[in-house]
Amino acid sequence: MSNFYKDNSDILFHMKNMDLSWVVDLKEDGFADKGKYSYAPEDYDDAIDNYGRVLEIVGEIAGEFVAPRSSAVDEESAQYKDGEVIYAKGTAEAIDRINKADLAGFTVPRKYDGINMPITIYSAAIEMISRADASFMNLFGLQGIADTITKFASEDQKRRYLPRFSSGEVMGSMALTEPDAGSDLQAVMLKATEGKDGKWHLNGVKRFITNGCAKISLVMARSEEGTKGGRGISLFIYERDENMKIRRIEHKLGIKGSPTCELQFNNAEAELLGKRKMGLIKYTMYLMNGARIAISAQAVGIAEAAYREADSYSRQRVQFKKAIRDFSAVYEMLTDMKVNIEAGRTLLYETSRIVDIKEGLEDKIDDHPESAGDLKGEFKRYSKYASLFTPIVKGYTCEMANKVCYDAIQIHAGVGFTCEFNVERHYRDVRITNIYEGTTQLQVVAAIGGVIGGVVFERLGEYEKNYDFQPVSDLFAIIREFRTQLESAVSHVKDKGDSNYQEFHAKRLVDMATDTILSYLLCIDAIKSERKKKVAQLFISKAKHRIESDLDYVLSNDDCYIELHKDIIDSEEIV
Amino acid sequence: MSLQIIVMVKQVPDTHNVSGDAMKPDGTVNRAVLPAIFNPEDLNALEEAIKIKETIGGKITAITMGPPNAVKILKECLYRGVDDVVLVSDRKFAGADTLATSYALKCAIEKVEKYDLVLCGRQAIDGDTAQVGPQIAEKLNINQLTCVSEIVEVNETDITIKRSIENGHEFLKSNMPVLLTVTNEANEPRTPSAKLAVAYKNISGKTSDESYDDEYLESGIDDPISYIKEWNVESINADPQLCGLSGSPTKVKKVQSVVLTASDVKQIQNTDEGIAELINELTEEHIIG
């Protein structure tokens, strides 16, 4: 039995060292809830102490309740019977646990019975739940739906829906994807029509809807008849009734405890969330960006689970009279796993913090328009950072976690390929992370603007200004060089002015930016800890070669892929 | 009129994680080196109490007897949703065996006056006697249902339970008031509530002479309490001679490691004759007496 918070020294390191003062200040709005709610903090230290206590409860549920049930949940899977979804027994029990512990309204404001946690703390919680059972995260991690209601719904809607989320009476789902609208959500065709009485009705099909059986769904639908693009789309709150049928659930490679539903709406009544036509361009983007961070936390959690399995197996498994972890081929894998997980985690918290600040500033501007002037600039800046960091953390952590799970099986060798060991489940579960909520390839598309446009250099400049890198001066010299190399790659591509070339190398530019950001963040951690200095050194040692290789390719002007790919993959000609 | 539930809880040394110096040379437990935890089966009893409250309503008071740092487990009770907590603490209680303990706890329960259900864990992991619960019931002169593995049905006047017995289980029904001892088969105790754990994190003890009158019993159940009540020998009207060491006839002669190898099961009739026969047999075997 273990507590996934207390047994994770890296999470504890961040909770101890992370500066959340701005986050807390914005989230608590001058500690306005003090005295109104017995569980509201009085000051910064009290808030931080509360975060720790809440995470300890999540860690206990994850380690002692969810984890022991995860194999059975995977085996039993969510089932579909007579038009209804039946959760695996362990899933249903875990939902009950979360509700009883008052964790269902994790980020919901206290006013609506939630516990008002910032996204940063939510990310840590999601990581622990995912380490226990990746598929359960898909339910616990759906609280972004309540967030979207908090952010954009009317006061009346908030009062009607949010307390029900907080009590656990309802869960949510986000019904976005359709058979012909996956990555390209502008193609959504599910129709919303407004009747003479002002009521909206939905007609059409949604596919790949995680927890589509939930009581409350946010449904993206085309409200403007005859339109084709993203501006004809609105977002609706739909409460489950007989006018929506679950047609089937998917049989999947992994996260089997999480039901993935196909939904048919037959003139189902729904209510508009926020403003018409803002469904995709504003609300869904908000929802998706939140979900991307949640998936990043899920990826880190699965990677942590897989790493621990590999670590423990490598100690027990003896070959040629020594534990296999004493062979360089194995310890290199293990070290990379550990270092890259810690890199992913520091980026996860940094991104979550950026988003917390951005959201907090936006709320403050809305709530206190009289003092908005000074904040608007900051808000704009943090919006840019959020737009860059969100796809970067999603891309990095999900690919990293896939590699960690792959290597975890490799370290187990033959037995890792059997169902007797947990690593095969982690390997199956992690595979979706770099696909859903936008594939890694789409994250590159989302991030490239911030790299080419210089947002990345703005943030790196802030790090250089705000931190004293003197204690890690040797490493700092190297990461300064990374930054220079990234700058030269970006200017090379920009100067070339060839959009095909830029598109082709976008992946490499984003990879270079990711390695550079991660190196900076690990150096910042290293200022506070001797151990982290070694972590940074190890990460930078490999990043150096990746960056050099990417730079070399970008500068080469070699465009043979652009030129020749059609001849190879489009041609059936036998020569 | 809602159900008044009392849960008896105990802070114990964590005997599941013993190290080399966990036992003193004289064979007693070295409490100093073992972390103090919530006795596991008391958590099962607490969980049943909360479940009853969730289904039919009620007010839960948790009582523990122990040193001042035992407030830690009372806080754990508050984190899980009990309405009130009492620490029974006094130097005069020190050295109590099960007889003196059950006497003191009986006095504490009587101070609460009105109670329908008293829930205890089957046994504590330090002494493993499983005597305190039954002794309290005897002293209160109320029914007792021991080794409860499931509460099948409960309403405001009676309760039906399933209990483990040799070779199976039986179902029993009792009027209230009744004392139950609960086993770890009953449930998997819940974790603390995030809201309550934060709300009660700084609560501390305060010596209290408040008595539980009718007004108290009918007061708002959801009003959060502001301190942990502390009662001593005087406030529970206990006879000091019957408390602590002076009230404890148990004398430790020696401590030995016994491996239990029960090979046979014998059914004793629950009659005066049956019990007399058992006592005779145990006396003849020099197990008691």
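Reply: Start with burial. A residue is buried if 20 or more other C-beta atoms lie within 10 Å of its own, exposed if 12 or fewer, and partly exposed in between, with C-beta atoms placed from the backbone. Helices (H or I, at least four residues) and strands (E, at least two) are DSSP runs, numbered from the N terminus. The model is predicted: local features need pLDDT of at least 70, side-chain atom pairs count only at pLDDT 80 or more, and totals for chains, interfaces and linings use all residues. Residues are numbered from 1 along each chain as its sequence is written, and chains are lettered from A and ligands numbered from 1 in the order in which they are written.

Me: What makes strand 9 of chain B hardly covered?

Reply: Count its buried residues. Strand 9 (residues 168–175) has 8 residues, and the count of buried ones is 0. In chain B as a whole, 40% of the 289 residues count as buried.

Me: How do you know that strand 8 and strand 9 of chain B pair?

Reply: Two strands pair if DSSP finds at least two bridges between them. Strand 8 (residues 158–165) and strand 9 of chain B have 8 bridges, in the antiparallel sense. Therefore they meet the cut-off of at least two. B:Ile161 stands opposite B:Leu172 in strand 9. The two strands form a hairpin with 2 residues between them, and B:Asn167 in the turn has a positive phi of about 65°.

Me: What joins B:Met176 and B:Pro177?

Reply: A cis peptide bond, with omega about 0°. B:Pro177 sits in the loop between strand 9 and strand 10 (178–182) of chain B. Most residues other than glycine have a negative phi, and most peptide bonds are trans.

Me: Why is A:Ala413 called exposed?

Reply: A:Ala413 has 12 other C-beta atoms within 10 Å, so it counts as exposed. The cut-off is 12 or fewer. A:Ala413 is not a glycine, yet its phi is positive, about 55°. Its place is the loop between helix 11 (372–412) and helix 12 of chain A.

Me: Why is B:His286 called exposed?

Reply: B:His286 has 7 other C-beta atoms within 10 Å, so it is exposed too. B:His286 lies in the segment after helix 7 (272–284) of chain B. Its phi is positive as well, near 60°.

Me: What makes A:Phe236 a member of a nonpolar core?

Reply: Such a core is a set of buried Ala, Val, Leu, Ile, Met, Phe, Trp, Tyr and Cys residues joined through C-beta atoms within 7 Å. The largest one has 242 residues, and A:Phe236 is one of those that touch the most other members. Helix 9 (residues 279–316) of chain A gives the most to this core, with 17 residues. Two residues are in contact if their C-beta atoms, placed from the backbone, lie within 7 Å. Among the residues that A:Phe236 touches are A:Trp200 and A:Leu272.

Terms used: Lists of a residue's contacts leave out its neighbours within four places in sequence.
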